[in-house]
Amino acid sequence: MSDNGTRDGDSSSSVSRRRFVRAAGATGVAAGIAGCADFVGGDGGDGGSTGDGSDGGGGGDTTTVKWGFDPVAVQNNGPAIKDALRENGLPENIEIEFVPRNQDTGQARANYNRLLSAGETEPDMFLMDNGWTNIFIQRGQLQSLSESLPEDLLSDVSENYFTAFTDTARDPSSGDLYGVPVFPDFPTMQYRKDLVEEAGYNPESDNWATEPMTWEKWSNIAADVYDNSDTDFGFTTQWDIYEGTSCCTFNEVMSSWGGAYFGGRDNLFGPVGDRPVTVNRPEVVDALNMMRKFVHDEDFGGQFSSYGGGFTPTNILGWNEEPSRAPFAEGNAVFHRNWPYSLALTGRNPEETDDPALGENLGAMPIPYAVSESDAAQPGTGGTTAALGGWHMTVNPNSGKDDAVTEVIRAAMQPDFQLKLLSIQGWLPPRPELFNSDEAQNVPVVGRYMDTLQVAGNNTMPRPVTAVWSDQSSKIAQQANRAVGQEASSKSAMQTLEKDLQATESS
């Protein structure tokens, strides 16, 4: 298509920051664009710490555990989350004080590092992004939970939580646990159910919700529905030069082709300098060329002649999550890749919100794939692949409140508490079994998509976080963006990236 996947120009519009935060609060979803708050005081919690420094875990005076927490969750649902902890066994002599962290994950990470490097005793616990928990583990800045938690809690995590998510809270060398998962985050391919049905497809009878399809099949459906609708875009996603491309959208596409940054899943977390750099391989180049097919309708000598193409706008080269979601929520795109918060917002009844929404016309499926796991070139890749987001609870080794902190962790690990977080905050449970529960599937809006989210959760690919990842991430996003933007061939971009990553690995 000569119009490069758009009709009547770029009709996408952004959701204003204020309206989005208001909508997120109304649906119980904490999204990553809310206001910032640093570690300056707490939430005005109703318990004070003991003046004598006693732990408080076994009775007697009240102990306050300060927990660095998500500011939107504190603002919207802080009292309800405290009540849920109490209902799930938190002793009466332990109080929780939420200390709002900076909503920007990079700023939160820097502040955590400052506090821990200075040996500060508070907060006692942190809600820590899985994308950089490993960095703090390797710096020796966190309490080893393998040493401080009782065996029943450690076994519960090992046996009943999403394995790939839990692995981002383990020491990659020893396997020791340094964080307990609180909630995972993984994307799906979202779509206009009404439009695909009008085009003659049957998502329910063909099990789109739980049976991943190939990129080839998906692309032909996307092109067909786009051609037979009046939408502005066939597919919206994120491909800007930012962390979300390197950690997530490019990572997903590459992995689904059997590619990897560093030779497969076993090398995700190092050892830095002693693992292969594998971006300049055919499977990675093919993944980028497929994206060029979707955007520019190139077929690369016939390799992609059986794929649909030309239905994705060049806008994706400057889009992150919200700009890419806006046209989809407004009804101007057929398919859209995004995180669960998008399901919660976009799936609302449009008659009950002032913001754009699709209601039950919103469908979801697992991310498509190019090669099966058995045919993947790099170990642990192939098949449907979802990037991995989410947060862990970690412990300040300088806290001195081990018993009280353990009681907080125990209460937060209760399945009923995790289901309560899903209900009031929109945070997915870290236990796969809970996705099948009536409680989860009856949660408004997001509950409709629990089957798809469970498939995504069982097929995640973490970002390869090490001490050098921040340098590598920016280089990856830049070259992936250049390739899909036709500033360089996919092969040339990956040759450049290979040299850049090798330099960071040996630095």
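Modeller: The account below begins with the chain as a whole and then turns to the strands, the loops and a pair of helices.

This is a predicted model, in which local features need pLDDT of at least 70 and side-chain atom pairs count only at pLDDT 80 or more, while totals for chains, interfaces and linings use all residues. Residues are numbered from 1 along each chain as its sequence is written, and side-chain values use heavy atoms, with hydrogens and water left out.

The secondary structure of the chain comprises 19 helices and 11 strands; helices (H or I, at least four residues) and strands (E, at least two) are DSSP runs, numbered from the N terminus. Of the 507 residues in the chain, 60% are buried, where buried means under 20% relative accessible area, exposed means over 50%, and partly exposed lies in between (1.4 Å probe, protein chains only). Among contacts between residues at least 6 apart in sequence, 75% join residues at least 24 apart, a contact being heavy atoms within 4.5 Å.

Five of the five residues of E3 are buried, so the strand is largely enclosed by the rest of the structure. In a regular strand the side chains alternate between the two faces of the sheet. In E3, Met-125, Leu-127 and Asp-129 point one way, Phe-126 and Met-128 point the other way, and all are buried.

Two strands are taken to pair if DSSP finds at least two bridges between them. Strand E1 (residues 63-69) runs parallel to E3 and is joined to it by two bridges; the bridge partner of Trp-67 in E3 is Met-125. E3 and E10 run antiparallel and are joined by five bridges, with Met-128 of E3 facing His-392 of E10 as its bridge partner. Strand E10 (residues 389-395) also pairs with E4 in the antiparallel sense, over five bridges. In strand E4 (residues 180-185), five of the six residues are buried, so E4 is largely enclosed by the rest of the structure.

A further group of four strands forms an open sheet of mixed pairing, in the order E6-E7-E5-E8. Its edge strands, E6 (233-236) and E8 (362-365), each pair on one side only. The twist averages 20 degrees from one strand to the next, with axes taken as lines fitted to C-alpha atoms, for helices over the stretch in contact, and angles running from 0 to 180 degrees between N-to-C directions. Within this sheet, strand E5 (residues 188-192) and strand E7 (residues 333-338) run antiparallel and are joined by four bridges; Arg-337 in E7 is the bridge partner of Met-189. Helix H9 (residues 215-227) packs on the sheet, touching E5, E6, E7 and E8, and its direction makes about 140 degrees with that of E7. Helix H12 (residues 321-329) also packs on the sheet, touching E5, E6, E7 and E8, at about 150 degrees to the direction of E7.

Most residues other than glycine have a negative phi, and most peptide bonds are trans. Val-445 has a positive phi of about 65 degrees although it is not a glycine, and is buried at a relative accessible area of 17%. Gln-486, in the loop between H18 and H19, has a positive phi near 65 degrees and counts as partly exposed at 39% relative accessibility.

The axes of helix H18 (residues 469-484) and helix H19 (residues 490-505) come within 9 Å and cross at roughly 175 degrees. H18 and H19 are therefore roughly antiparallel to each other, since angles under 35 degrees count as roughly parallel, over 145 as roughly antiparallel, 65 to 115 as roughly perpendicular and the rest as oblique.
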